[in-house]
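Let's take a walk through a protein structure together.

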Amino acid sequence: MKCLAWDYVIFRPHNVYGERQNIGDRYRNVVGIFMNQLMKGEPMTIFGDGEQQRAFTHISDVAPVIADSVSIPAARNQVFNVGADVPHTVNRLAEIVSQAMNKDCNIVHLDPRNEVKIAFSDHSCAEAVFGARRKVSLQDGIQTMADWVRDHGSRESSIFEDIEVPKNLPPSWASVARLRV
């Protein structure tokens, strides 16, 4: 039997946010979670002390690179980190989101999750193949998304259903999840 070799390009985007994001997802995408909470008059919830650092990436910094990859031979059979270069704390993100949404920065800190404190990536491989590109600043990207969110309104969040293994599920999630018995 002969195995066929296929070309591939793998992207590892991180903390991507932007217009048309599902802001009703209470478990993923902190920017959308914060905006939805503010639209509903709720405080923004942050796990732990909020000093976790992440590089938050506007979708327009990721989508064109992925789209271009099919026509760049040097991208074939490679793995790329794609995203923002400047890390921010989750506390700072909450401040920026509340400013863009014209709302008070009301934060409730929840019990910490078991997560890394500082997580952002090196994009030098992507820049070597796709070229250096101007990236959207966090303030500009958040403002663009906030304008879209205000036009489209808040969303109701779905909840986890039929959780078989609730071990290590954050208490704030477990309190609303439907656990399988």
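A residue is called buried when its relative accessible area is under 20%, exposed when it is over 50%, and partly exposed in between. Asp-85 has a relative accessibility of 39%, so Asp-85 counts as partly exposed. Please bear in mind that this is a predicted model.

Asp-85 has a partner: it forms a salt bridge with Lys-135, and their closest N and O atoms are 3.1 Å apart. Asp-85 sits in the loop between strand S6 (78-82) and S7, while Lys-135 sits in the loop between helix H4 (124-130) and H5, so the pair ties together parts that are 50 residues apart in sequence. Lys-135 is partly exposed too, with a relative accessible area of 25%. Side chains of opposite charge can pair when their charged atoms come close.

How many salt bridges does the structure hold? There are 9. In another of them, the side chains of Lys-117 and Asp-49 meet at 2.9 Å, N to O. Lys-117 belongs to the loop between strand S8 (107-110) and S9, and Asp-49 to the loop between strand S3 (44-47) and S4, so this pair links parts 68 residues apart in sequence.

Now turn to a sheet. Three strands form an open sheet in the order S7-S4-S9, with mixed pairing. Strand S7 (88-89) and strand S9 (118-119) are at the edges with a single partner strand each, so one side of each has no neighbour in the sheet. Strand S4 (residues 53-54) and S9 run parallel and are joined by 2 bridges. Within this pairing, Arg-54 stands opposite Ala-119 in S9.

Next comes helix H5 (residues 138-152). Which residues of H5 are buried? They are Leu-138, Gly-141, Ile-142, Met-145, Ala-146, Trp-148 and Val-149. Seen down the axis of H5, these buried residues fall within an arc of 165°, so they line one face of the helix.

Finally, look at the surface, where Tyr-8, Ile-10 and Val-79 form a nonpolar patch with about 240 Å² of accessible area together. Ile-10 is found in strand S1 (residues 9-13).

Notes:
Residues numbered from 1 in each chain as written. Predicted model: local features only at pLDDT ≥ 70, side-chain atom pairs only at ≥ 80, totals over all residues. Heavy atoms only, no water. Patch = residues over 30% accessible without salt bridge, like charges linked within 9 Å, V, L, I, M, F, W, Y side chains within 5 Å. Areas by Shrake-Rupley, 256 points an atom, 1.4 Å probe, with all protein chains shown as cover. Salt bridge = Lys/Arg side-chain N within 4 Å of Asp/Glu carboxyl O. Helix = DSSP H or I, 4+ residues; strand = E, 2+ residues; numbered from the N terminus. Pairing = 2+ DSSP bridges. Buried < 20%, exposed > 50% of the residue type's maximum accessible area, 1.4 Å probe, protein only. Arc of directions from axis to C-beta.
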